[in-house]
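Thanks for coming. Please have the sequence and the structure open.

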Amino acid sequence: EGQLVLRSLPQRNVPDQAIRNAADLGANVALSKIFKDEIIVVGKFGAQREVSGLVPIPDGKMAITIGLTDPQRVAGLVQPLSLVTVFATVPDSGSGGGDREVTRVLLPEVQVLRVGQEVSVAQQQTGAGPGGVTEEIPKQILTLAVDTAQAQKLIYAQKNGQLYLALKGPKTGNAKAADTTAQTLFRVTP
């Protein structure tokens, strides 16, 4: 208590899900780190959960840990036992050289074993010149259940490109999709 400050902001700058009264939080706790001057939204809070240890590693799988920023990990919606699709954006070696990149599904379905603590380690410069602002970008460690070949792909893609997770819904299939490059980004697909 006393750690939240109520401030007046223009309505256009306040998200629909913003908390307008600290009493509305009840006994809920913060589910992720809250940054200084951050607008507090409903999704940042939830019931306190008992930690019952690690999710067991499925037979034939191993646990591998990756670090992702907030947008790359579906803004904190990924939880232990979630099923995710892993996308990778890497240099396009099949393009005959140059600095072209390709985005494709790397792993169509992977189980999340653990979602670690959120830390602010990545820094991003916004704005050009001396007037630019350096922002802290939240980064979180996630542990996934994969086989050896999948682990190798994840390590390579994280080292040489960028990974993004997509949280799978209960009826989401594993449909194939064509690679996406700058040349194919705006093509209409049937």
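Where is Thr143 found? Thr143 is in strand S6; strands here are DSSP E runs of at least two residues, helices are H or I runs of at least four, and both are numbered from the N terminus. Before I go on, the conventions. This is a predicted model, so local features need pLDDT of at least 70 and side-chain atom pairs count only at pLDDT 80 or more, while totals for chains, interfaces and linings use all residues. Residues are numbered from 1 along each chain as its sequence is written, and side-chain values use heavy atoms, with hydrogens and water left out.

Back to Thr143. Its relative accessibility is 15%, and Thr143 therefore counts as buried. The cut-offs are under 20% relative accessible area for buried, over 50% for exposed, and partly exposed in between, with a 1.4 Å probe and protein chains only. Contact means heavy atoms within 4.5 Å. Leaving aside neighbours within four places in sequence, Thr143 is in contact with Ala63, Ile64, Thr65, Gln111, Val112, Leu113 and Arg114.

Next, the core. A nonpolar core is a set of buried Ala, Val, Leu, Ile, Met, Phe, Trp, Tyr and Cys residues joined through side-chain atoms within 4.5 Å. The largest one has 22 residues, and those touching the most other members are Val86, Leu106, Leu142, Leu144, Val146, Leu154 and Leu163. Two or more residues each come from strands S3 (62–69), S4 (83–91), S5, S6 (133–146) and S7, and from helix H1 (148–160). S5 gives the largest share, 6 residues. Take Leu154 as one case: beyond four places in sequence, Leu154 is in contact with Ile64, Val86, Leu106, Leu107, Leu144, Val146 and Leu163.

Leu165 is in strand S7 and, at 7% relative accessibility, counts as buried. Its C-alpha atom is separated by 9.8 Å from that of Val105, 60 residues apart along the chain.

Now charges. How many salt bridges are there? The count is 2, where a salt bridge is a side-chain nitrogen of Lys or Arg within 4 Å of a carboxyl oxygen of Asp or Glu. One joins the side chains of Asp179 and Arg104, at 2.4 Å from N to O. This pair links distant parts of the chain, 75 residues apart: Asp179 in the segment after strand S7 (162–167), and Arg104 in strand S5 (residues 101–126). Both ends are partly exposed, Asp179 at 33% and Arg104 at 36%.

Another is between Lys168 and Glu109, with the closest N and O atoms 3.1 Å apart. Again the pair links distant parts of the chain, with Lys168 in the segment after S7 and Glu109 in S5, 59 residues apart. Lys168 is buried at 12%, whereas Glu109 is partly exposed at 38%.

Asp92 is a charged residue without such a partner. Asp92 lies in the loop between S4 and S5. Asp92 is buried yet has no salt bridge, and the nearest side chain of opposite charge, Arg100, is 4.0 Å away. For charge, Lys and Arg count as positive, Asp and Glu as negative, and His and the chain ends are not counted. Not counting residues up to four places away, Asp92 touches Arg100, Glu101, Val102 and Thr181.

Last, a backbone item. Most residues other than glycine have a negative phi. Leu81 has a positive phi, near 80°. Leu81 is found in the loop between S3 and S4 and is exposed, at 52%.
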